[in-house]
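Here are my notes for a first look. Please keep the structure open while you read.

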Amino acid sequence: GIKYTPGDAFEAHLSYSGKSKFPNMRALYSLSSGNPNLLGERAQSWELGTTYNRGFYLSGALFLNGIRDLIDSVRLPDGSRQYRNIGKAHVNGAEIQVQKAWKAVQLSANYTYLDHKNESDDRPLDVLSDHNLNIEARVRPLEGLSLSLFGLAASKSYWYDAGTRKLLDIPDYLALDAVASYAFSVAEVFVKVTNLMDKYYYTEPGFPWRGRTFEAGFSIRVF
């Protein structure tokens, strides 16, 4: 790769990589989903990116990924799964991230655009949204007290149903989680709410995420 750093606050880079990924033991030999005939996955990747970090943090990147024999998990007509290779696919896109911190407030956001395709079957790759936005906000109103909000917004994605041979729509969704924690000298207690708005959503047909869920716990520092 090539890296250009004209000053302390700015950096740009261009990189290329060739990657190989071998099937793991589960993908090869699992009694429920294994496929001993799986081939290793190969990818060629390019990335052009830049970073600015003075007063606030800003980064962006453009990327191209060409993939051969992509290892994917396919749901069969009987409901079971099997690992298979996708002969040719690509995942290209762009990403931008911004962060800003003050004394008692931290904000960050990350947006990703994906252009993806199963080129062998001429359809989108399963469960990948074209647009994804992650946000995080953290406030510390008192010493030891932290209040955090996490959000994920994803656009519509698709799922290929091998039984009906149809491409199913997965609707867009917005998910919010919240966490409150208080740190003592040697311990920390927290309360967490997932799916804060109690929305019905799923990232794979037939497997919805949990509704609003409350959790509480604590941790102790021994050393």
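Which residues make the nonpolar surface patch? The points below start there. Keep in mind that this is a predicted model.

1. **The nonpolar patch.** Tyr4, Phe10, Tyr52, Phe56, Leu58, Ile96, Val98, Tyr111, Tyr113, Leu133 and Ile135 make a nonpolar surface patch of about 920 Å². Three strands each supply at least two of its residues: β5 (81–101), β6 (105–118) and β7 (131–139).

2. **Phe10 in the patch.** Phe10 is one of the patch residues. Phe10 lies in strand β2, which covers residues 10–21. The relative accessible area of Phe10 is 34%, so the residue counts as partly exposed.

3. **The sheet.** The strands form an open sheet of 11, with antiparallel pairing. The order is β1-β2-β3-β4-β5-β6-β7-β8-β11-β12-β13. The edge strands are β1 (2–4) and β13, and each of them pairs on one side only. On average, neighbouring strands of this sheet are turned by 15° against each other, direction ignored. As background, strands of a sheet pair through backbone hydrogen bonds, either parallel or antiparallel.

4. **Strands β2, β3 and β4.** β2 pairs with β3 (residues 41–53) in the antiparallel sense, over 12 bridges. Here Lys19 stands opposite Ala43 in β3. β3 also pairs with β4 (residues 57–75), again antiparallel and over 12 bridges. In this pairing, Gln44 stands opposite Gly66 in β4. The hairpin of β3 and β4 has 3 residues between the strands. Gly55 takes a positive phi near 85° in this hairpin.

5. **The β12 and β13 pair.** β12 and β13 run antiparallel and are joined by 8 bridges. Glu188 has Ser219 in β13 as its bridge partner.

6. **Arg81 and Glu204.** How many salt bridges are there? The count comes to 7. In one of them, the side chains of Arg81 and Glu204 meet at 2.3 Å, N to O. This pair links distant parts of the chain, 123 residues apart. Arg81 is in strand β5, while Glu204 is in the loop between β12 (187–194) and β13 (213–220). Are the two partners buried or exposed? Arg81 has 27% relative accessibility, so it counts as partly exposed. Glu204 has 15%, so it counts as buried, the cut-off for buried being under 20%.

7. **Lys88 and Glu119.** Lys88 forms a salt bridge with Glu119, with the closest N and O atoms 3.6 Å apart. This pair also links distant parts of the chain: Lys88 is in strand β5 and Glu119 in the loop between β6 and β7, 31 residues apart. Lys88 counts as partly exposed at 36% relative accessibility. Glu119 counts as partly exposed at 32%.

8. **A salt-bridge network.** Asp121 and Arg123 meet through their side chains in a salt bridge (3.6 Å, N to O). Salt bridges that share partners join Asp121, Arg123 and Asp126 into one network. Asp121 is partly exposed, with a relative accessible area of 46%. Arg123 counts as buried, at 16% relative accessibility.

Notes. Residues are numbered from 1 along each chain as its sequence is written. This is a predicted model: local features need pLDDT of at least 70, side-chain atom pairs count only at pLDDT 80 or more; totals for chains, interfaces and linings use all residues. Side-chain values use heavy atoms; hydrogens and water are left out. Patches are made of residues with over 30% relative accessible area and no salt bridge: like charges are joined within 9 Å, nonpolar side chains (Val, Leu, Ile, Met, Phe, Trp, Tyr) within 5 Å. Accessible areas come from the Shrake-Rupley method with a 1.4 Å probe; for residues, only the protein chains shown count as cover. A salt bridge is a side-chain nitrogen of Lys or Arg within 4 Å of a carboxyl oxygen of Asp or Glu. Helices (H or I, at least four residues) and strands (E, at least two) are DSSP runs, numbered from the N terminus. Buried means under 20% relative accessible area, exposed over 50%, partly exposed in between (1.4 Å probe, protein chains only). Two strands pair if DSSP finds at least two bridges between them. Axes are lines fitted to C-alpha atoms, for helices over the stretch in contact, and angles run from 0 to 180 degrees between N-to-C directions.
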